[in-house]
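Please look over the sequence and the model shown here before reading on. The paragraphs after it are meant to be read with the structure open beside them.

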Amino acid sequence: QVQLVESGGGLVQAGGSLRLSCVASRTIFSVNVMGWYRQAPGKQRELVAAFTSGGATNYADSVKGRFTISRDNAKNTVYLQMNSLKPEDTAVYYCNAYYDMGYWGKGTLVTVSS
């Protein structure tokens, strides 16, 4: 079993910034596929940003140029730096990591006010 714990969500005004963190209970050194998803009220969960199996990063078109995913293997942590936030970024943000199977955190709520 792997636990993923997200933090860093909160209420921010449009144009502001937040940094989300996801700490894994096991080393992420060899985890290639790991990233962030979000789910807004009444909508399906969608990919925000992720590290792919090829070692690249993948971003949703809606966040390109505003969000940056990064990782610190020594801290078993993946980050999501979110800048120039918009009200439409409001959602619960989930961390996902693929070890022997996919694991999800419980999410952290991001609310962007206009």
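What follows goes through the strands, the disulfide and the salt bridges.

This is a predicted model, in which local features need pLDDT of at least 70 and side-chain atom pairs count only at pLDDT 80 or more, while totals for chains, interfaces and linings use all residues. Residues are numbered from 1 along each chain as its sequence is written, and side-chain values use heavy atoms, with hydrogens and water left out.

Strands here are DSSP runs of E with at least two residues, numbered from the N terminus, and two of them pair if DSSP finds at least two bridges between them.

Strand S4 (residues 34-39) can be followed next, and its antiparallel partner strand S5 (residues 46-51) is joined to it by five bridges. The two form a hairpin with six residues between them, and in the turn Gly 42 has a positive phi of about 75°. S4 also pairs with S9 in the antiparallel sense, over six bridges. Trp 36 shows both pairings, for its bridge partner in S5 is Ala 49, whereas its bridge partner in S9 is Cys 95.

Cys 95 leads on to the disulfide (a pair of cysteine sulfur atoms within 2.5 Å), of which the structure holds one. Its sulfur atom and that of Cys 22 are 2.1 Å apart, and the pair links distant parts of the chain, with Cys 22 in strand S3 (residues 18-24) and Cys 95 in strand S9 (residues 91-98), 73 residues apart. The link of Cys 22 and Cys 95 is left-handed, with -80° about the S-S bond. Both cysteines, Cys 22 and Cys 95, are buried, a term that stands for under 20% relative accessible area, with exposed meaning over 50% and partly exposed the range in between (1.4 Å probe, protein chains only).

The last topic is charge pairing. The structure holds four salt bridges, each being a side-chain nitrogen of Lys or Arg within 4 Å of a carboxyl oxygen of Asp or Glu. Arg 38 meets Glu 46 in one of them, at 2.8 Å from N to O; Arg 38 counts as buried because its relative accessible area is 6%, whereas Glu 46 is partly exposed because its relative accessibility is 35%. Arg 38 also forms a salt bridge with Asp 89, the closest N and O atoms being 2.9 Å apart. This second pair links distant parts of the chain, as Arg 38 lies in strand S4 and Asp 89 in the loop between S8 and S9, 51 residues apart. With a relative accessibility of 1%, Asp 89 is therefore buried. Through shared partners, salt bridges join Arg 38, Glu 46, Arg 66 and Asp 89 into one network. A further salt bridge is formed by Lys 64 and Asp 61, with 3.1 Å between the closest N and O atoms, and Asp 61 is exposed because its relative accessible area is 64%.

Notes
Helices (H or I, at least four residues) and strands (E, at least two) are DSSP runs, numbered from the N terminus.
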